[in-house]
Amino acid sequence: MIAPFQEKKYAEEFQILNYLAQENPHILLVDDNAVNRKVASEILSKAGCRVQTADSGRKAIQLVDASEKAERYDLILMDIQMPDMDGLETTHELRRLFGEKLPPVLAMTAYSMKEDRERFLSQGMNDYVSKPIRAEMLVLKVKEWVDRMASRQREAVRLETKVKEPEPVIQKPASAELNELYDFAVVNQLAELAGKEMVEQVFAEFEQEAIEQIKLAQEFFETQDFQGVESNLHTLKGNAGTLGITRLHEAVKTLEHKTKVGNFSTFATEFPPIKDEFNIFQETYTQVLETLA
C-alpha cells in the first residue's frame, strides 16, 4: 500500500490520461449519487478503465452475477451510504454469493475517522477511497489494486508505453472572489480530463439536484424527519466537494457534522447561510465556466 506522503508525491508526477490504458481494468462503480457516478466514471474512463455503473446494491449484485457468465470485474468501487442496501450490506451479500471469485471491493466513503475506516475493513472491504472524489488519488488507488491482483503472465507481457499528453485547457485567470468560492485545482482538472462541456453539464445537474436537496432538508427539519435532513445534507456536501465548490461544501460540512451525531440545535441559524452560499454558486458558476474557455 502506498503511504500517504508517497501517494501525494506520486500523484504530482504522472498524467491521468491513459494512465491505466495498458492494464485496461474492468471496474464496477456502485453509487446511488448520479453526480459521483458521472465524475468517477469519467475520471476512470479517461485513465483507461472500462467502467460499468450501478445505482444501487441490488443492481450491483445483478451485474456481478452477469459478469460471471461474461467477463469478470477486476475491481469494485462501493459507496457506503446508499438507501435500501448500503455498501456494507451489499458487500456481505456479494461475498456470500460469490466467495473467492469476488474481486477486491474498495469502499468509497466520506467517513474519515479512524474507527470508521477500521470498521469498513473489518466488515469485508479490502480498502477504501476517500470522498470527495479526487482524480489522482482515485486513479492511484485503482492502480495499486490492479497491480496487486495482476497475474505474473500479465505482468511479464506488460510493455511501457508513452502516455499521450492531454491537450491543455486554456484557463483565464479567476478573480480573487471566485478563488474564495471554488477550488480551481479541482475544476480545472475536471475540465482537462473531460472537457468544458462535461463540467458545464455536471454543474447544471448539480444545481438542479441541490435545489431539491435544500428544499427537502428544510421540509424534513420542519417535520422532524432528522434522518431525511442528514441524508440530503450528506449528498449536498459530497457533490459540492467533488465539484470543487469549496465554500458551499464547507458550509454544509459544518452543519452535517452536527446532524450526523443528532445535534440539530443550530440548524435554524446555520442552514440559511447554506442557502446563501448556494445562491452565490448559482450567480457565479457561469463565470467559472468562462475561465475554462
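Biologist: Which helix does Thr259 lie in?

Modeller: Happy to start there. This is a predicted model, and in it Thr259 lies in helix α12. Glu256 has its place in that helix too, which spans residues 246-260.

Biologist: How should I read burial here, and is Thr259 buried or exposed?

Modeller: The general idea is a cut-off: a residue is buried when its relative accessible area is under 20%. Thr259 has 4% relative accessibility, so it counts as buried.

Biologist: And what about Glu256, buried or exposed?

Modeller: The relative accessible area of Glu256 is 2%, so Glu256 is buried. Across the chain, buried residues make up 45% of the 293 residues.

Biologist: What does the side chain of Thr259 reach?

Modeller: For a polar contact, look for a pair of N or O atoms within 3.5 Å. Here the side chain of Thr259 comes to 3.0 Å from the backbone oxygen of Glu256.

Biologist: Which residues is Glu256 in contact with, leaving aside neighbours within four places in sequence?

Modeller: Contact is read from heavy atoms within 4.5 Å. With those neighbours set aside, Glu256 touches Glu230, Leu233, His234 and Lys237. For Thr259, the corresponding list is Glu230, Leu233 and Phe264.

Biologist: Stepping back, how many helices and strands does the chain have?

Modeller: There are 13 helices and five strands. Of the contacts between residues at least 6 apart in sequence, 73% join residues at least 24 apart.

How values were computed:
Residues are numbered from 1 along each chain as its sequence is written. This is a predicted model: local features need pLDDT of at least 70, side-chain atom pairs count only at pLDDT 80 or more; totals for chains, interfaces and linings use all residues. Side-chain values use heavy atoms; hydrogens and water are left out. Helices (H or I, at least four residues) and strands (E, at least two) are DSSP runs, numbered from the N terminus. Buried means under 20% relative accessible area, exposed over 50%, partly exposed in between (1.4 Å probe, protein chains only). A polar contact is a pair of N or O atoms within 3.5 Å; within protein, one must be able to donate a hydrogen and the other to accept it, and residues adjacent in sequence count only if both atoms are side-chain atoms.
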